[in-house]
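This briefing is intended for a reader who has the sequence and the three-dimensional structure at hand. Please follow each named residue and element in the structure while reading.

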Amino acid sequence: MALLPELLDAAGVEPGVRDRLARYGRLVLETNRSLNLTGAKTEDDLAPHLLDSLSLLPYLGADLIDVGSGAGFPAIPLAIASGRPITMVETTQKKALFLRRALDELELEGEVVNERAEVAGHVGRLRDHFTTGTARAVGSGPTVMELLLPFVAAGGVALLQRGKLDETERAAMSDAAPVLAAEVEAELPAGGDRRIILVRKLGPTPQRFPRRAGVPDQRPLCLER
């Protein structure tokens with residue numbers, strides 16, 4: 001794993017964070033041989049995922065919930081870099097077990113919720129609670145917002161990492177936000193076609209959201225398919 005620290009160092013990651021990120025990267029790549037955590041198979045492949053995760057650091061609040069955590073991006077790199085507590089929601093049991101192992105081995109403060117976001121979003125201790133929410137690659141913009149915003153406290157932010165957005169999806173996100181007691185506050189460039197959509201939570205999410213399992217993906221709010 002000599003290459004990964006070099007790649008992180010070249011990107012300007014400070015040594016203490018660099019070494020712990022490399023340790024996490026080693027754990028991901030080793031586990032990925034037997035469990036499909038990520039499409040990244042080499043250190044070269046993995047480094048951009050780590051750096052992309054760190055791009056959210058300036059917008060991170062006092063704590064973080066991450067939905068559809070998979071291999072732990074962006075939550076674990078953010079916890080390593082910030083020391084903030086993280087909660088990761090992951091449906092697949094084997095991936096949830098990996099995430100718990102990662103928390104233990106990296107000595108990070110956090111929790112793994114092995115449940116669908118549509119179910120976990122109605123758990124009282126998790127709902128309207130977190131200052132920051134993140135999610136990667138779990139569906140269209142409105143789908144991600146419906147799954148993520150119920151966890152975020154009023155005044156907090158949901159950070160959506162997106163690639164290209166067409167005007168239909170962008171408009172649907174703007175229209176869906178007030179339905180979920182939020183507003184799209186900013187669309188921030190993150191290199192190339194990538195961007196960070198910052199959604200500000202304005203008040204408690206209406207109790208009917210998130211809808212039952214599968215519905216947010218099958219019928220995204222304000223987005224015709």
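In this predicted model, E14 lies in the loop that joins α1 (3-10) to α2. With a relative accessibility of 53%, E14 counts as exposed, because the cut-off for that class is over 50%. E14 and A81 are 67 residues apart in sequence, yet their C-alpha atoms are 9.2 Å apart in space. The points below treat the helices, then the sheet, and then two further residues.

**Helix α2 and residue R18**

- R18 belongs to helix α2, which comprises residues 15-32.
- The relative accessibility of R18 is 18%, so R18 counts as buried; the limit for this class is under 20%.
- Beyond the residues up to four places away in sequence, R18 touches P5, L8, D9 and V13.

- Helices α2 and α3 pack with their axes 11 Å apart, at an angle of about 125°.
- This angle makes α2 oblique to α3.
- The crossing in which α2 passes α3 is right-handed.
- On the α2 side the contact is made by L21, Y24, G25, V28 and L29, and on the α3 side by E43, L46, L50 and L54.
- An α-helix has 3.6 residues a turn, so residues three or four places apart point the same way.
- Helix α3 (residues 43-54) also meets helix α4 (residues 75-82): their axes come within 8 Å and cross at roughly 60°.
- The two helices α3 and α4 are therefore oblique to each other.
- The crossing of α3 past α4 is right-handed.
- In this contact, L50, S53 and L54 of α3 meet P77, L78 and A81 of α4.
- L50 and L54 of α3 take part in the contact with α2 and in the contact with α4.

**The sheet**

- Seven strands form an open sheet in the order β3-β2-β1-β4-β5-β7-β6, and their pairing is mixed.
- Which strands stand at the edges of the sheet? They are β3 (110-113) and β6 (182-189); each has a single partner strand, so one side of each is left without a neighbour in the sheet.
- On average, neighbouring strands of this sheet are turned by 20° against each other, direction ignored.
- Strands of a sheet pair through backbone hydrogen bonds, in either the parallel or the antiparallel sense.
- β4 and β5 pair in the parallel sense over 5 bridges, and T132 stands opposite V157 in β5.
- β5 (residues 152-162) and β7 (residues 195-201) pair in the antiparallel sense over 6 bridges, and Q161 stands opposite I196 in β7.
- Strand β5 is mostly covered, with 9 of its 11 residues buried.

**Helices α5 and α7**

- Helix α5 (residues 93-106) lies across β2 (86-89) and β3, and runs at about 175° to β3.
- How many residues of helix α7 (residues 141-148) are buried? The number is 8 of its 8 residues, and α7 is described as mostly covered.
- The buried residues of α7 are G141, P142, T143, V144, M145, E146, L147 and L148.

**Residue L108**

- L108 is placed in the loop between α5 and β3.
- Is L108 buried or exposed? Its relative accessibility is 13%, so L108 counts as buried.
- L108 and G83 are 25 residues apart along the chain, and their C-alpha atoms are separated by 7.5 Å.
- Apart from neighbours within four places in sequence, the contacts of L108 are R20, I76, A79, I80 and L103.

**Residue R127**

- R127 is found in the loop between α6 (117-120) and β4 (130-135).
- R127 has a relative accessibility of 10% and therefore counts as buried.
- A polar atom of the R127 side chain lies 2.9 Å from the backbone oxygen of F209.
- With residues up to four places away in sequence left out, R127 touches G121, H122, P150, F151, T205, P206, Q207, F209 and P210.

Note on methods: Residues numbered from 1 in each chain as written. Predicted model: local features only at pLDDT ≥ 70, side-chain atom pairs only at ≥ 80, totals over all residues. Heavy atoms only, no water. Helix = DSSP H or I, 4+ residues; strand = E, 2+ residues; numbered from the N terminus. Buried < 20%, exposed > 50% of the residue type's maximum accessible area, 1.4 Å probe, protein only. Polar contact = N/O pair within 3.5 Å; in protein donor to acceptor, adjacent residues only side chain to side chain. Contact = heavy atoms within 4.5 Å. Pairing = 2+ DSSP bridges. Axes fitted to C-alpha atoms, helices over the stretch in contact; angles between N-to-C directions. Parallel < 35°, antiparallel > 145°, perpendicular 65-115°, else oblique. Left-handed = near helix turned anticlockwise from the far one by under 90°.
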